[in-house]
Amino acid sequence: MWNRRFIFLWGGQTLANLGDVFYLVAFISAVYAVTDSVMYTSLIPVINLTAQSAGALTAPFVFRRLSLPQMLVVSQGSKTLFLAAAVLVVPLAEDKGPQLVSALLAVGAAIAFMDGWSNPARNSLVPQVVPRSELMRANGLLATSDQTAFFAGWALGGVLVAWIGSGLVISGTVAAYVVSTLAMVGVAPNEGRERAQPKAEAGNPGLLTGWRFIRTNSMVRFVVTVDAVIGLANAVWIAAIMLPFAVQELEKGEEWWGYINAGYLLGAIMGGILLLAKAQRMQKHLSRWIMAGIIGSAVVTVGFGSSTHPLLALFFSFALGPLYEVHAISKQTLLQQATPEERLPYVLSAKGAVDAMVFGISALVMGALAEWLGTRTVYFLSAGILCVAVLFAWHFRRLQHQHIECEYGSYGSNDHV
């Protein structure tokens, strides 16, 4: 697993994720300082989610022209240029007021749009740079690094912004992006050994390539469907619901929202580390671990929603972390195994668009239901939705051996049991 290409991919993407959190913290701080408006500040994640979904929808057109390493270089390099523009905009916004806030929001949208390209490209590269037997471990390492970067980024980013200001934090992030872009150059195969860029379909692959494969392949369709259902349930963990839960139900201050978030991230990191140790055994029973992770997540969500003591809620938040990592990484590995390499970028870009749209819609619906029915109720509703995902996983497990023999017998049934 520890070859040159994977090391550059892992290191560069970890640094890029850390930079992503830093610039978001700096943007949120700058916009709030200029506007003194929660509404403007809350627009940042909404705009970013919309832009990332748009990027995922357009990614197939770029896959037709660039190899996956080239796409990572282009997307990360473009993010670097956009963020460099923000270095100029932030001081002007602080001097001239809200007139330039729209420019900051536009820069954030442009960076998120590029993430819609880089995310499917990164995950499509993993099966190309590591042996199939190491897929689970590679996905676990990347996921653990992602969570560690997010945890460290949010904790350290706020301190840095308060200490040196938004402008300097963004400047430092530009430097991190430059290094990450150079690392993406190192992901390319050695000269003369690069694989020919595969075509997703005979003829002219395009926007619908991934969607067609999802529709016709039962295993991939299962993963996309279950992730969409889980996306509906996961919206209860947004700040708009967790913050009122901490204040109203747990009767604690706003800082407890931060503690609960930190608890989840620490649990996810711990789960990723444990998964790395057991990856070889888990990879032989992916559907079993998917079911176990989703069932555990449903039980923990009920426990969290029922909590009346803040320490108990913190425990359930921590427990959710490893359970989520187990089913998320298992689904990712299953999808990579079930999809031919030439189609994987198109499938992941389509799936990314679905995930973003489902989560955005669910966030609006769950927020409205929390306002109407109370925050405890939506956590119970989330657990109920996860039970629907369990039913999908149970049905898939019953039919799995038959599907593997018909469609991917050459991979060996032990890879997916």
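Biologist: Why does Trp 211 count as partly exposed?

Modeller: Its relative accessibility is 30%. Buried means under 20% relative accessible area and exposed means over 50%, with partly exposed in between (1.4 Å probe, protein chains only); Trp 211, at 30%, therefore counts as partly exposed. This is a predicted model, in which local features need pLDDT of at least 70 and side-chain atom pairs count only at pLDDT 80 or more, while totals for chains, interfaces and linings use all residues. Residues are numbered from 1 along each chain as its sequence is written, and side-chain values use heavy atoms, with hydrogens and water left out.

Biologist: What makes the pair of Arg 122 and Asp 146 a salt bridge?

Modeller: Their closest N and O atoms are 3.1 Å apart. A salt bridge requires a side-chain nitrogen of Lys or Arg within 4 Å of a carboxyl oxygen of Asp or Glu, so the 3.1 Å between Arg 122 and Asp 146 qualifies. Arg 122 lies in helix H4 and Asp 146 in helix H5, so the pair ties together parts that are 24 residues apart in sequence.

Biologist: How do you know whether Arg 122 and Asp 146 are buried or exposed?

Modeller: Arg 122 has a relative accessible area of 10% and is buried; Asp 146, with 12%, is buried as well. Beyond its neighbours within four places in sequence, Arg 122 is in contact (heavy atoms within 4.5 Å) with Leu 9, Gln 13, Asn 17, Leu 72, Leu 142 and Asp 146.

Biologist: Which residues make up the network of salt bridges?

Modeller: Asp 227, Lys 331, Lys 351 and Asp 355 are linked in it. Asp 227 meets Lys 331 at 3.1 Å, N to O. That pair links distant parts of the chain, with Asp 227 in helix H8 (residues 218-234) and Lys 331 in helix H13 (residues 310-338), 104 residues apart. Asp 227 also meets Lys 351, at 2.6 Å, N to O. Here Lys 351 belongs to helix H14 (residues 344-373) and Asp 227 to helix H8, 124 residues apart.

Biologist: Why are Asp 227, Lys 331 and Lys 351 called buried?

Modeller: The relative accessibility of Asp 227 is 16%, that of Lys 331 is 2% and that of Lys 351 is 9%. Each value falls under the buried limit, so each residue counts as buried.

Biologist: How do you know that the span of helix H5 is close to the one expected?

Modeller: H5 (residues 135-164) has 30 residues and reaches 41 Å from its first C-alpha to its last, against 44 Å expected. The expected span is 1.5 Å times one less than the number of residues. H5 bends by about 25° at Gly 153, the bend being the angle between axes fitted to the seven residues ending there and the seven starting there.

Technical notes:
Helices (H or I, at least four residues) and strands (E, at least two) are DSSP runs, numbered from the N terminus.
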